[in-house]
Amino acid sequence: METPLTRSIAPEKAPPDLAQYEKAGGYAALRKALRMAPGDVTAAVKEANLRGRGGAGFPTAQKWSFVPMGDDAPHPKYFICNADEMEPGTFKDRLLLEGDPHQLIEGMIVSAYAVQADVGYIFLRWAYKLAAQRLEQAIAEAYHRGYLGRNIAGSSYSLELHLHVSAGRYMCGEETALLNALEGKRANPRAKPPYPQVSGLWGKPTVVNNVETLCCVPHIVNKGAAWFKNLSRSGDGGTKLYGVSGRVKKPGLWELPMGTPIREILEEHAGGMRNGYRFRGLLPGGASTDFMIADHLDVAMDFDSMQAAGSRLGTGTMIILDDRTCPVGMLHNLEHFFAQESCGWCTPCWSGLSWVEQILKGLEDGKGEASDLERLQSHARLLSPGHTFCALAPGAAEPLQSGLKYFRDDFDRHIREKRCPWRS
Amino acid sequence: MLSEEEKQEIEAQSQHYPTTRALCIEALKIVQEHRGWVSDEGIADVAEALQMAAAELEGVATFYNMIFRKPVGRHVILLCDSVSCWIMGYDRLREHFRARLGIGLGETTADGCFTLLPNVCLGACDHAPAMMIDSTHYQDLDPDRLDEILAKYRMEEIREEKKEKRGPADGNTADP
Ligand SMILES: Cc1cc2nc3c(=O)[nH]c(=O)nc-3n(C[C@H](O)[C@H](O)[C@H](O)COP(=O)(O)O)c2cc1C
Ligand code: SF4
């Protein structure tokens with residue numbers, strides 16, 4: 001089984017420096033891309049069926065194709081790597097950032113070349129201190145070697161690359177809020193259209209892609225679209241970093257073929273549940289995905305299969321709910337997070353979420369009433385897509401609506417017994 | 001007024017951004033690095049240097065949670081309260097901090113040594129529960145580990161204090 005993204009990563013060791021990275025075949029994709037027409041790089045990524053690993057699964061080449069090209073295109077164009085990873089339960093980009101910074105930088109340069117961007121930013125969350133250090137070092141090496149700056153590797157293409165370390169807030173990961181953060185403003189999202197590809201950072205054409213997405217690109221250019229598609233067990237190309245946290249025997253992160261079934265990840269890789277704990281459910285791809293239960297364990301973890309099963313692949317890092325953890329308490333924790341991180345722009349979000357949080361707290365504290373469930377349902381409807389400005393609110397609705405559906409008995413018990421049955 | 005050092009560090013960042021406005025978050029971070037937190041005076045200083053309205057800068061400063069608009073202790077403990085850490089024992093750790101340090105979330109110990117803040121997911125979910133103290137990550141925590149870690153910081157504090165006390169006697173005779 002091939003693991004192109006993580007093959008050079010040894011978690012306890014320093015990442016490959018530029019010389020080591022080159023020795024292992026690094027920057028060959030860049031040299032190859034520079035000999036291709038930019039549109040051919042995009043075409044290869046399209047053919048490979050690469051879909052965005054930031055959570056929404058948007059086809060990467062299609063995103064790039066909206067960027068104005070040719071002599072009349074506005075400049076500078078910007079290319080941004082979203083390394084804000086703050087989705088609760090998600091710890092995949094961190095491995096790529098700390099473990100192989102040159103892979104990401106090469107991915108950025110090749111991708112920026114495809115849309116003929118002039119300036120790149122890596123938008124990194126502040127907590128990833130080690131990643132910041134390693135990226136800075138790797139960027140300096142890449143400049144020194146002529147892979148960044150003017151006339152990259154002797155070609156006519158030039159790219160500047162900067163690292164921006166965010167000052168915090170989950171909202172900054174939303175791509176248009178991220179643009180405001182980079183411009184030194186409050187990170188509220190922007191109205192779409194115009195889409196960033198047309199009018200983004202400082203009003204110029206801008207692409208925002210996730211770390212894992214960009215790390216796939218050099219491998220596609222190097223080895224071809226057919227090879228990339230073959231890595232996968234589904235229609236979406238490539239491998240995927242899958243993670244498991246919670247009360248399993250071996251929590252961790254693994255690069256596996258896209259479309260690996262949940263059960264295989266949970267049992268073969270994470271070792272199954274810890275002794276004394278039983279599986280009750282999971283959030284498959286971070287806090288903002290719908291709960292799944294035992295009935296779903298054979299679903300393949302790819303974008304379409306997860307959607308068909310009523311959830312989302314999200315970030316692919318699952319969080320396990322065990323039988324000794326209260327599902328209502330877990331939901332309270334999740335909705336507290338969303339309420340706290342709401343940027344305050346739309347009423348169903350900032351006001352609705354604080355109500356949701358209070359109702360859930362009431363249930364946990366033994367003050368629940370039968371009408372609470374109806375109220376939670378109606379908030380979940382108002383938070384769903386179409387009522388708010390960005391995807392934070394619909395993300396908050398997903399665990400809520402599915403939690404109400406799958407753990408209804410647990411809710412009823414809280415109300416009937418006037419206490420949380422998990423608290424002594 | 002910004003110190004010379006602060007000014008130089010902000011100036012060094014300006015190569016990364018095409019507008020002065022975009023520098024404001026970097027500038028706030030730099031001021032915080034030097035002064036521990038960003039006071040009203042800090043806001044006024046940065047606003048003046050970047051030629052922004054102080055009220056607007058205030059709006060930016062309060063949006064981002066790693067800009068501290070209130071004083072914090074010498075060490076800031078960021079305890080992850082997101083879902084994986086919650087499942088793996090966040091509540092127990094929070095209560096342990098209360099028992100050991102006498103502080104709850106958002107509070108600072110009387111001696112100014114520690115401030116305890118909740119924090120969203122630190123990206124260590126497979127090693128939950130996790131926290132950061134200043135720039136250092138700690139994971140796979142339980143109450144015993146917390147005691148060990150706190151003891152280490154206490155030892156450092158005592159060492160620092162001794163150094164300070166010894167300082168003048170070690171040759172600084174400039175005082176009359
Ligand atoms: C509230 C919120 C937070 C987000 N945080 C992140 C993040 O930390 N990293 C990320 O890559 N995408 C995040 N996204 C998704 C981005 O908006 C965007 O879709 C993604 O960066 C696009 O990259 P991709 O096409 O490569 O998947 C977030 C979205 C929302 C609504
Ligand atoms: S949905 Fe929530 S986070 Fe998104 S813009 Fe509206 S208020 Fe802000």
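Predicted model: local features only at pLDDT ≥ 70, side-chain atom pairs only at ≥ 80, totals over all residues.
Strand S4 spans residues 206–210 of chain A. Because five of the five residues of S4(A) are buried, the strand is largely enclosed by the rest of the structure.

S4(A) is joined to strand S1 (residues 78–83) of chain A by five bridges, and the two strands run parallel. Within this pairing, Phe79(A) has Val207(A) of S4(A) as its bridge partner. S1(A) also pairs with S2(A), in the parallel sense and over six bridges; here Ile80(A) stands opposite Tyr121(A) of S2(A).

Strand S2 of chain A comprises residues 119–124, and six of its six residues are buried. Val119(A), Tyr121(A) and Phe123(A) point one way from S2(A), whereas Gly120(A), Ile122(A) and Leu124(A) point the other way. A further set of six bridges connects S2(A) with strand S3 (residues 160–165) of chain A, again in a parallel arrangement. The bridge partner of Leu124(A) in S3(A) is Val165(A).

Ligand 1 sits in the largest pocket. A total of 18 residues surround the ligand, the closest being Gly54(A), Lys63(A), Asn209(A), Asn210(A) and Thr213(A). Strand S4(A) supplies the largest share of this shell, namely three residues. For Thr213(A), a side-chain N or O atom is 2.7 Å from a ligand oxygen atom. Glu85(A) contributes through its backbone, with an N or O atom 3.2 Å from an oxygen atom of ligand 1. Of the 610 Å² of accessible area that ligand 1 has on its own, the protein covers 89%.

Strands S5 and S6 of chain A were also examined. Strand S5 (residues 239–245) of chain A pairs with S6(A) in the antiparallel sense over six bridges. Lys240(A) has Leu256(A) of S6(A) as its bridge partner. The two strands form a hairpin with six residues between them, in which Gly246(A) takes a positive phi near 115°. Strand S6(A), residues 252–257, is mostly covered, with five of its six residues buried.

Conventions: Residues numbered from 1 in each chain as written. Chains lettered and ligands numbered in written order. Heavy atoms only, no water. Buried < 20%, exposed > 50% of the residue type's maximum accessible area, 1.4 Å probe, protein only. Helix = DSSP H or I, 4+ residues; strand = E, 2+ residues; numbered from the N terminus. Pairing = 2+ DSSP bridges. Near = heavy atom within 4 Å. Polar contact = N/O pair within 3.5 Å; in protein donor to acceptor, adjacent residues only side chain to side chain. Areas by Shrake-Rupley, 256 points an atom, 1.4 Å probe, with all protein chains shown as cover. 1 Å grid on protein atoms, 1.4 Å probe; cavity = no way out; pocket = protein on both sides within 12 Å on 5 of 7 lines; lining within 4 Å. Sits in = over half its atoms within 2 Å of the grid points.
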